[in-house]
Amino acid sequence: MEGVEAKNEDINLGTEDDNSKIVEDRKLILRQEELDIAKNRVQIGQVELSKEIVEEQKEVDVPVIHEEVVIERRAIDRHPSDSPITEEETIRIPVTEERVEVGKHTVVTGEVSAYKREVGETKKVVETLKKEEARVHKDGEPHIIGNDGDYTLH
């Protein structure tokens with residue numbers, strides 16, 4: 001018999017003063033079904049995080065300074081001079097300007113991180129249900145008496 005185990009041993013269940021013995025021990029094994037519910041993880045896609053180099057033209061106005069030599073000629077009243085006329089007199093005026101030098105350097109502007117998290121949600125099921133409703137059709141002009149006026153007349 002399935003679910004029943006029998007032992008034919010003599011078992012003493014009492015105290016030393018008690019002379020009662022169980023001659024045959026039988027057991028009934030009880031079983032029940034339980035649900036096995038499983039959830040499976042499936043890959044629904046992936047996210048790829050990468051970087052690319054993007055170039056852009058940058059136009060910057062840089063203020064610079066340069067020197068100009070201004071030559072002015074003025075008329076002077078003709079007064080006598082003690083110096084003889086020579087070709088060896090020279091005036092040298094150094095002229096400078098600021099020049100723009102452009103260099104590049106790399107700086108860190110931010111960081112992008114990505115991580116996964118589990119979010120619990122409840123899935124809502126929407127289904128269209130059909131039901132039957134009564135319709136009253138009139139032919140001619142019969143009188144209709146009902147306990148509710150919810151009839152659609154055609």
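Val 62 sits in the segment after β4, the strand that spans 25–28. Strands here are DSSP runs of E with at least two residues, helices are runs of H or I with at least four residues, and both are numbered from the N terminus. Keep in mind that this is a predicted model, where local features need pLDDT of at least 70, side-chain atom pairs count only at pLDDT 80 or more, and totals for chains, interfaces and linings use all residues. Residues are numbered from 1 along each chain as its sequence is written, and side-chain values use heavy atoms, with hydrogens and water left out.

Back to Val 62: its relative accessibility is 47%, so Val 62 counts as partly exposed. That label covers the range between buried (under 20% relative accessible area) and exposed (over 50%), with a 1.4 Å probe and protein chains only. Val 62 also belongs to a nonpolar surface patch of about 470 Å², together with Val 60, Val 64, Val 100 and Val 102. Patches are built from residues with over 30% relative accessible area and no salt bridge; nonpolar side chains (Val, Leu, Ile, Met, Phe, Trp, Tyr) are joined within 5 Å, and like charges within 9 Å.

Now for the chain as a whole. There are zero helices and four strands, so to speak a plain β-β-β-β run from the N terminus on. Of the 154 residues, 1% count as buried. The chain exposes about 19,000 Å², and carbon and sulfur atoms supply 48% of that area. Those areas come from the Shrake-Rupley method with a 1.4 Å probe, and for residues only the protein chains shown count as cover. As for contacts (heavy atoms within 4.5 Å), take those between residues at least 6 apart in sequence: 42% of them join residues at least 24 apart.

What about charges? Side chains of opposite charge can pair when their charged atoms come close. The structure holds three salt bridges, each a side-chain nitrogen of Lys or Arg within 4 Å of a carboxyl oxygen of Asp or Glu.

| Salt bridge | Closest N to O |
|---|---|
| Arg 41 and Glu 118 | 2.3 Å |
| Lys 123 and Glu 121 | 3.9 Å |

Arg 41 is exposed because its relative accessibility is 72%, and Glu 118 is exposed with a relative accessible area of 66%. Their side chains are also joined by a polar contact of 2.3 Å. A polar contact is a pair of N or O atoms within 3.5 Å; within protein, one must be able to donate a hydrogen and the other to accept it, and residues adjacent in sequence count only if both atoms are side-chain atoms.

As for the remaining pair, Lys 123 counts as exposed at 66% relative accessibility, and Glu 121 counts as exposed at 59%.
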